[in-house]
Amino acid sequence: MKLKNLLIAVCLTASATMATAKDEFTALEQQQISIATPGLFSQSNAFTVDFAGMRGSDYSFPLPVGKAKLNRDYTVDITTQKGDAVKAMFSGTVRLSKNQQGYGNVIVVRHDNGLETVYANNAQNLVEVGDRVKAGQTLAIVGTEGGRTCCTFSIMVNGGRINPEMILNLKSHRLLRETILCRNAGNHVDMSVVRSGKAARGEQAANRKENTPVEAFANSNKFTINLANFNPGEWSYPLPDSKIISHYGTRGGRRHTGVDIKTKPNDEILAAFDGVVTMSQSYAAYGNCIRIKHDNGLETLYSHNSKNFVKVGDKVKAGQVIGLTGQTGRATTPHLHFECRINGKIFDPANIFDHLNHSLKMEQVTFTKNGNTITVRGEKNYMAKGK
């Protein structure tokens with residue numbers, strides 16, 4: 001109920017703020033790409049954008065037939081053919097349209113929903129400051145630089161770039177059907193998914209069903225999981241109210257391939273995510289061991305158990321009790337040895353779990369495969385970068 005009341009309050013405030021916004025811009029707003037949006041948080045420290053409720057005509061990918069590549073600075077290079085038209089993502093007003101060093105011909109549109117979008121490296125701008133544009137309207141002709149025809153695109157909130165993958169699927173060009181909460185945090189904007197409405201939940205359920213199970217590196221040497229998109233009930237810390245007694249890494253001159261988590265003997269072990277049990281047996285120094293292949297492409301392992309409650313082939317849900325902690329195998333005290341793997345390769349569970357708070361990290365984690373090596377990189381996903 002509190003969340004519902006918060007959403008109603010911020011939606012009403014955002015609507016009032018957007019309705020009173022002027023289509024006139026100061027000299028600085030017409031010259032600078034990154035600049036705070038006046039009045040965005042004047043009546044409330046938060047507002048929401050309901051992408052789940054948008055119609056098809058309310059959104060357009062900037063270059064519908066282009067191929068998008070996300071850069072580390074949260075800009076997106078969308079490559080296409082010479083002479084292609086650059087489209088407005090949402091309806092709004094052109095705030096900046098000029099040639100700027102480092103960006104070429106660039107356009108910034110301030111949208112009615114509080115976001116801003118940037119379209120750079122244009123061969124020709126077709127709109128001027130103050131022009132009202134609709135989603136899908138042609139803004140510019142895409143430019144060519146260094147033999148490559150592309151638009152450099154980005155999304156901003158209050159002058160700070162955000163990760164575009166929190167809003168849209170760059171591969172399919174589709175808008176993610178969810179509600180985003182933007183909260184003013186002083187020198188940056190915190191952004192989170194609050195997901196409300198039956199349509200949004202229904203589509204997410206359909207997407208999960210359609211995409212289950214995910215095979216890591218099936219089509220690319222990179223595999224990304226957006227942990228911040230997981231709902232409560234779609235993940236669980238394997239041993240709540242526990243403490244870490246041994247971290248991942250080198251221990252006593254030997255490699256420690258997981259984390260050791262301790263509570264009390266015969267405590268309940270919970271499955272981290274939905275998946276299928278691929279091993280449940282006594283296994284060398286691991287003792288009684290369970291391995292689960294998850295629908296999201298990861299694998300987890302739970303060992304030294306006093307009892308296993310699941311068998312190979314069982315389908316398990318996140319948070320389901322799969323066994324009890326113990327001291328089987330090579331263990332000096334009753335505890336859970338917990339491992340995370342992708343494509344058979346072990347990685348530090350701290351890349352996805354906050355052990356101190358027993359929670360999933362609000363990060364986008366990218367796994368990159370290079371031969372037999374897999375590297376892991378996490379990025380905090382729901383924070384606008386500083387101006």
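Exposed means a relative accessible area over 50%, buried means under 20%, and partly exposed covers what lies in between. The legends below describe close-up views of a predicted model.

**View 1. Ala284, a residue with positive phi in a loop between two strands.** Ala284 has a relative accessible area of 66%, which is over the 50% cut-off, and therefore counts as exposed. The loop that holds Ala284 runs between strand E22 (275-282) and strand E23 (288-294). The phi angle of Ala284 is near 45°, a positive value in a residue other than glycine.

**View 2. An open sheet of 3 strands.** The strand order is E21-E27-E25, and the pairing is antiparallel. E21 and strand E25 (307-308) are the edge strands, each pairing on one side only. Between E25 and strand E27 (residues 321-324) there are 2 bridges in the antiparallel sense. Asn308 stands opposite Gly323 of E27. Strands of a sheet pair through backbone hydrogen bonds, in either a parallel or an antiparallel manner.

**View 3. The aromatic pair of Tyr59 and Phe90.** The whole structure contains 13 aromatic pairs. In the pair of Tyr59 and Phe90, the ring centres are 6.0 Å apart and the planes make an angle of 45°, a tilted arrangement. Tyr59 belongs to the loop between strand E1 (46-50) and strand E2 (67-70), and Phe90 to the loop between strand E4 (85-87) and strand E5 (92-100), so the pair ties together parts that are 31 residues apart in sequence. Tyr59 is buried at 15% relative accessibility, and Phe90 is buried at 2%.

**View 4. The aromatic pair of Phe347 and Phe367.** This pair is edge-to-face, with 5.1 Å from centre to centre and 65° between the planes. Phe347 is part of strand E29 (residues 345-347) and Phe367 is part of strand E32 (residues 363-370); the pair therefore ties together parts that are 20 residues apart in sequence. Phe347 has a relative accessibility of 5% and counts as buried. Phe367 is also buried, with a relative accessible area of 0%.

**View 5. A cluster of aromatic rings.** Ring pairs link Phe230, Tyr237, Phe273, Tyr302, Phe338 and Phe353 into this cluster.

**View 6. Two buried cysteines, Cys182 and Cys340.** Cys182 has 0% relative accessibility and counts as buried. Cys340 is likewise buried, at 1% relative accessibility. With sulfur atoms required to lie within 2.5 Å, the count of disulfides in the model is 0.

**View 7. Stretches with pLDDT under 50.** Across the chain the mean pLDDT is 85, and 87% of the residues reach 70 or more. Over residues 196-212 pLDDT stays under 50, and the model has 13 contacts for this stretch beyond four places in sequence. Residues 382-387 also have pLDDT below 50; this stretch has 30 contacts in the model beyond near neighbours in sequence.

Note on methods:
Residues are numbered from 1 along each chain as its sequence is written. This is a predicted model: local features need pLDDT of at least 70, side-chain atom pairs count only at pLDDT 80 or more; totals for chains, interfaces and linings use all residues. Side-chain values use heavy atoms; hydrogens and water are left out. Helices (H or I, at least four residues) and strands (E, at least two) are DSSP runs, numbered from the N terminus. Buried means under 20% relative accessible area, exposed over 50%, partly exposed in between (1.4 Å probe, protein chains only). Two strands pair if DSSP finds at least two bridges between them. Rings of Phe, Tyr and Trp (its six-membered ring) pair if their centres lie within 6.5 Å; planes under 30 degrees apart count as stacked, over 60 as edge-to-face and the rest as tilted. pLDDT is the predictor's confidence in each residue, from 0 to 100. Contact means heavy atoms within 4.5 Å.
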